[in-house]
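Subject: Structure handover

Hello,

Here is the structure you will be taking over. Please open it first, then read the notes below.

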Amino acid sequence: FCRLVREVLTELDLPYELRSTGKGSPRREALRELSGGTTVPFLVDPNSGAAMGESLDIVRYLFSTYAPAGAEGP
């Protein structure tokens, strides 16, 4: 599911910061505080303040927010 989001970010030519939150990672607790869980992917858009966790929701958001007019999303 993370791969799908990364592919859309790349397709839309959007810069992003990937933070690994695997078991044992110090970032895992930060993700839990931010999202209420440890499920990934989780997107935080600094441009809008939007934060969401479901991959399909993220992909729809990215296309509706950043895709050029006429581009096709899911």
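S55 is buried, because its relative accessible area is 11% and buried means under 20% (exposed is over 50%, partly exposed in between; 1.4 Å probe, protein chains only). S55 sits in helix α3, residues 55-66. Beyond its neighbours within four places in sequence, S55 is in contact with F1, V5 and P41. Contact means heavy atoms within 4.5 Å.

Some ground rules. This is a predicted model, in which local features need pLDDT of at least 70 and side-chain atom pairs count only at pLDDT 80 or more, while totals for chains, interfaces and linings use all residues. Residues are numbered from 1 along each chain as its sequence is written, and side-chain values use heavy atoms, with hydrogens and water left out.

The overall layout:
- The protein chain has 3 helices and 2 strands. Both are DSSP runs numbered from the N terminus: helices are H or I with at least four residues, strands are E with at least two.
- The order from the N terminus is α-α-β-β-α.
- The C-alpha trace spans about 40 × 20 × 20 Å along its principal axes.
- Of the 74 residues, 27% are buried.

Next, the helix pair. α1 and α3 pack at about 10 degrees, and their axes are 9 Å apart. Axes are lines fitted to C-alpha atoms, for helices over the stretch in contact; angles run from 0 to 180 degrees between N-to-C directions. α1 brings L4, V5, V8, L9 and E11 to the contact, and α3 brings S55, I58, V59, L62 and F63. These residues divide into 8 nonpolar, 1 polar and 1 charged. Nonpolar covers Ala, Val, Leu, Ile, Met, Phe, Trp, Tyr, Cys and Pro; charged covers Asp, Glu, Lys and Arg; the others, Gly among them, are polar.

Last, the pocket. The largest pocket holds about 830 Å³ of space. A pocket is an open set of points on a 1 Å grid over the protein atoms alone, where a 1.4 Å probe fits, with protein on both sides within 12 Å along at least five of seven lines; lining residues have an atom within 4 Å of a point. The volume is the space filled by probe spheres set on the points, which are joined across faces, edges and corners. There are 27 lining residues, and E17, R19, F42, L43 and V44 are the closest to the centre. By class, the lining has 18 nonpolar, 4 polar and 5 charged residues.

Best wishes
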